[in-house]
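Good morning, colleagues. Please take a moment to look at the sequence and the structure, which I shall now put on the screen.

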Amino acid sequence: MEGKVIGPGPYRATKLWNETIKLFRGGMPLRRHWAHFRYFDCSFTGSEAVDYLHELLRRNYNFGPEVTRYQTLQLLKKFLKAHVIEDIKGRHGTEDFEDSGHLYRFPTLSPLKSFPTRPLLKDGRDLPRLIRWDDYEELPQRENIPPQKSAVMTSDLWNKRHSVAIGDVHECKLIRRKEITPKQVDHIWKSMTVAHLQRVLGLQSLDGVLNHTHVNGKHIVHNVFKVNKTGIVVLENKAEDMPYWVISAMKCLANWPNGNETKQPMYPGFERDVLRTVGDYFQRLKEPLLTFHLYEVFVNILSLLHNQEVATEALQVSSLLLPPPNRRRLQLLLRLMARVCQNPHLPPLNDTIATRTLMVQMFSHCVLGSVDEMDLDELLATKLVTFMMEHHNTIFQVPSKLRHQVEEHLSHLKRVQIKYAGSDTDFSSSPAFCKQISRVESEEQKVIGTQTPLQELLEGLIADKELPAKDKKKRLKQFQKSYPEVYHHRFPTEESKAAVIPEKTPRLKPHLMFLNLKKPFQPFQRSWSFRA
């Protein structure tokens, strides 16, 4: 494979167009040709252009060996219309490119497409916000239950969430979210699916790739849960489904020669007429099955096809964004294409084109296309549809990792939790995005993140005036034993400790109290006794 690999990112189709023009102009052999009794330097024939560009596209990683000569001819017609090339008389736009000896040349400067100038968002701020613990209600306390004695926290439990490191546990209440509505469930599936898609594509932002306002959470939930045993989406409104005659025609081809449910008479070429009936239905759809809004998403997935596992996961996530009728049609169509290509009992459906090539050419533009009819739509659709047809059994499975994350988040929101006084932050919800930092910053944050709360707890213990001095000293000793660095940082010397916690004046011992008597000591005197 040759050529520059265009990775995922905004406006990938435009980048591929510009890259193809540069490669074609830079490598197409030019020489002198004679026509109408005169010669033309730096020119080439139509057949030479088709031969060279066809080989160039087949060897290019961005397109691959599935490109046909017919698709190459169609691309050269677009080149002539866009004035990438012109005939030797300088005509372009209205002329039709011919795969013959007709002479063409490059203009002085072939036009390249420009990118939109609107600024791109960064750091994933364009993603929908997840529902968090911002709305909760207090659970009523049961009556006739005697209050329990507050338990004293030990040093081993000082790091517990929503508790004080030292002292009695603060007053707490049981809280829970209000009942989650179906609308909130849809929003959670939407936000987490879009975030998962961004991570799989390896992009910092989906701006220019996907407008999340076009994503419907109800479609995602429907595609996940409302499916039959084989994983095909089941529609609630039967009017949105394909007509019965189209489904019958698809079953006839998929199960050939045993799929003729209507018992219609068989005749030579019957299978070709059935295929033509199915093709006419899909080609008359107003919008490709992958929709116009998701065009850039699937074009970006094309850059991941070298890694089958990653590409499959990206298709699994992105196909969840499809409206359920589109997803159902796409599932049935890809399954039909795969079965037709693998059916050895099915007669040839074309005299000159292989069945696999015919199926891809007939339905590729029904699957992927842009609203502005991008010039490389046919080539990109061919590559994508080929991959999807080969892996149709796996690309419509719901990613297990995504399903687990959503279920965990919903379970967390429904779970009753304990809220302590002064603790208004929900630490259990993980951040949606991470930013890479250096090792030095990591160590600094580690120190700040652990010492700062302990310092605040120590100051709160010191400032607690209701705590008896004896208990305060006891707990300060416990704090000093468990966190000596924080303690010595607060009390580097004994003087600093005495300034905050003054020593109590010593009490005089009882046997020394007689020294403070005001009257002097009187000697013993014998008293007279009077006897009768």
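I shall begin with the protein as a whole, then turn to its cores, and end with a few helices.

Please keep in mind throughout that this is a predicted model. The protein has 532 residues, and 43% of them count as buried. Its secondary structure consists of 17 helices and 7 strands. The accessible surface amounts to about 33000 Å², and carbon and sulfur atoms contribute 53% of that area. As for the contacts, if we take those with a separation of 6 or more, 71% join residues 24 or more positions apart.

Which residues touch the most other members of the largest nonpolar core? They are Phe79, Ile85, Phe282 and Leu380, in a core of 109 residues.

Now to the helices, starting with a pair. In general, two packed helices are described by the angle between their axes and the distance between the axes. For helix H4, residues 182-201, and helix H5, residues 217-225, the angle is about 90° and the axes are 8 Å apart. H4 is therefore roughly perpendicular to H5. On the H4 side, the contact is made by Asp186, Trp189, Lys190 and Thr193. Those residues meet Gly217, Lys218, Ile220, Val221, Val224 and Phe225 of H5. Sorted by class, this contact comprises 5 nonpolar, 2 polar and 3 charged residues.

The C-alpha atom of proline 243 is separated by 9.4 Å from that of tyrosine 281, although the two are 38 residues apart along the chain.

Finally, helix H6 spans residues 244-254; because 8 of its 11 residues are buried, H6 is largely enclosed by the rest of the structure. The buried residues are Val246, Ile247, Ser248, Ala249, Met250, Cys252, Leu253 and Ala254. They pack against two helices, H7 (270-283) and H10 (324-342).

Thank you for your attention.

Note on methods: Residues numbered from 1 in each chain as written. Predicted model: local features only at pLDDT ≥ 70, side-chain atom pairs only at ≥ 80, totals over all residues. Heavy atoms only, no water. Axes fitted to C-alpha atoms, helices over the stretch in contact; angles between N-to-C directions. Helix = DSSP H or I, 4+ residues; strand = E, 2+ residues; numbered from the N terminus. Parallel < 35°, antiparallel > 145°, perpendicular 65-115°, else oblique. Contact = heavy atoms within 4.5 Å. Nonpolar A, V, L, I, M, F, W, Y, C, P; charged D, E, K, R; others polar. Buried < 20%, exposed > 50% of the residue type's maximum accessible area, 1.4 Å probe, protein only. Areas by Shrake-Rupley, 256 points an atom, 1.4 Å probe, with all protein chains shown as cover. Core = buried A, V, L, I, M, F, W, Y, C linked by side-chain atoms within 4.5 Å.
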